[in-house]
Amino acid sequence: MEDRPLDESELVARAKRGQLDAYEEIVRRHQTIAFRTAWVITGSAAEAEEAAQDAFMKAHAALPRFRKDAPVRPWLLTIVANEARNRARAAGRRERLALRVAEERRPGGAVPSPEAALLDSEQREGLLVAVSRLSETDRRAIACRYFLELTEAETAAALGCARGTVKSRLSRALGRLREQMEVAGA
Amino acid sequence: MPELERMLTQLGRELDYPKTPDLAGTVAARLRELGSQAAPAAPTARARRLPRLLPPAGLRRSLALALIALLVLAGTVFAAVPGVRDAVLEFFGLRGATVERREMLPEVPRVRPLRLGERVSLAEASKSLSFTPLVPATLGPPDAVYVRRGVPGGEVSLAYKPRPGLPEARSTKLGLLLGEFRGDLAPEYIGKVAPQTTKIERLRVDGARAIWIEGAPHFFFYRAPGSAYGVTERSLRLAANVLLLEGGRMLVRLEGAFDRERAVVIARSLR
């Protein structure tokens with residue numbers, strides 16, 4: 001009887017041996033970040049669901065080639081991002097990424113935690129407007145790196161570009177945001 | 001972390017993301033259906049062949065790609081209660097299947113895997129069913145065979161990959177999906193609901209009663225065994241052109257992107 005969560009390398013080892021429950025647990029642990037990454041790339045929840053689902057199927061098929069002690073998340077996110085980008089490419093278009101603040105964070109909504117105080121409503125709206133004015137490319141870079149809190153390498157995988165490109169894209173996007181925030185605050 | 005980056009990270013935590021679907025459950029179900037309990041490192045011959053027929057992103061997905069309405073909605077729309085019956089414009093029936101033309105169809109459903117059951121060989125299928133599967137002589141053996149035992153007498157699905165004369169259907173990515181079950185044991189097992197833009201035709205194939213459904217995709221579902229009017233959420237999907245054929249005790253269903261003449265030729269060659 002196990003009363004502690006299995007660490008990921010043990011789950012991977014079990015999944016490699018064909019234990020479906022172990023793979024299901026791996027998917028459960030990463031499904032939110034995988035789905036959101038696919039959503040940022042495709043701009044569509046339905047496409048993201050299909051992309052993430054198919055990516056997890058492909059990852060299962062690729063398990064025999066996965067090194068047991070390698071980190072799972074970047075590997076999974078790379079497969080998810082590839083699937084999502086292929087879908088967006090095949091569709092010939094991407095939905096515009098619709099970013100909204102959750103209801104409970106809006107003025108008048110309940111304030112659930114002290115973190116909410118870190119951004120006042122004016123800052124939040126101003127920043128969201130500024131992000132929405134960025135180009136799609138820059139917005140997706142910002143969304144991956146800061147909103148989803150992906151690492152630089154994961155962001156590069158998600159966007160299908162080199163890490164250097166991520167750095168320069170983020171630097172450009174941050175510069176534009178600063179300009180906009182300054183103009184708005186002036 | 002510089003102020004702007006910290007603000008962006010905080011904003012990210014406050015965003016309204018689409019609800020994460022139960023990917024773990026869906027993926028596990030798909031893998032179980034593929035018979036992947038075996039270690040992925042040592043796939044069986046069957047497991048190796050399967051991805052070619054049902055690759056994760058292609059055919060498998062296509063078989064899987066079914067537009068599914070919410071259970072509550074399905075129950076409400078399809079339940080054969082008098083109030084809802086008012087919305088039925090036409091009704092067609094065979095032993096084993098019902099087809100209704102309705103004014104209103106369910107709303108855009110969610111994507112879910114289509115379940116054809118357990119993959120087996122044709123010989124294994126014959127042993128586990130209460131009938132011997134009919135195979136179209138004009139096409140020869142199928143590329144894959146699936147069996148579902150939940151329905152009285154069992155149900156078999158024969159999958160044929162696209163080929164000349166059998167173009168790929170969007171609903172299944174197959175050339176032909178042929179389903180067979182005992183219509184006499186499960187008289188309302190298959191349900192179909194079609195919009196006004198779908199052509200529904202009664203016809204005879206060598207004397208046997210049949211229905212041809214063509215045009216705008218229609219909804220297809222299985223009624224849960226033991227429940228005359230229940231519709232299982234997972235069983236509802238959109239379908240391509242379909243020929244339903246009442247052959248003796250059997251109800252046969254041919255789905256594909258082919259026309260009526262081709263469907264009839266295939267049906268006539270069933271042995």
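Is Arg202(B) buried or exposed? Arg202(B) is exposed, with 11 other C-beta atoms within 10 Å; a residue counts as exposed if 12 or fewer other C-beta atoms, placed from the backbone, lie within 10 Å of its own, as buried if 20 or more do, and as partly exposed in between. Before we go on, note that this is a predicted model, where local features need pLDDT of at least 70 and side-chain atom pairs count only at pLDDT 80 or more, while totals for chains, interfaces and linings use all residues. Residues are numbered from 1 along each chain as its sequence is written, and chains are lettered from A and ligands numbered from 1 in the order in which they are written.

**View 1. Arg202(B) and its partners in chain B.** Arg202(B) sits in strand β10 (residues 198-205) of chain B. Helices (H or I, at least four residues) and strands (E, at least two) are DSSP runs, numbered from the N terminus. Leaving aside neighbours within four places in sequence, Arg202(B) is in contact (C-beta atoms, placed from the backbone, within 7 Å) with Phe92(B) and Ile211(B). Along the chain, Phe92(B) is 110 residues from Arg202(B), yet their C-alpha atoms are separated by 8.2 Å.

**View 2. The kinked helix α2(A).**

**View 3. Helices α2(A) and α6(A).** The axes of α2 (residues 20-42) and α6 (residues 136-147) of chain A come within 9 Å and cross at roughly 170 degrees. Axes are lines fitted to C-alpha atoms, for helices over the stretch in contact, and angles run from 0 to 180 degrees between N-to-C directions. The two helices, α2(A) and α6(A), are therefore roughly antiparallel to each other, the word for angles over 145 degrees. Thr37(A), Val40(A) and Ile41(A) of α2(A) make the contact with Arg140(A), Ala143(A) and Cys144(A) of α6(A).

**View 4. Where chain B touches chain A.** Here 35 residues of chain B are in contact with 48 residues of chain A. On the chain B side, α1(B) gives the largest share, nine residues.

Methods
Contact = placed C-beta atoms within 7 Å. Parallel < 35°, antiparallel > 145°, perpendicular 65-115°, else oblique. Bend = angle between axes of the 7 residues up to and from the residue.
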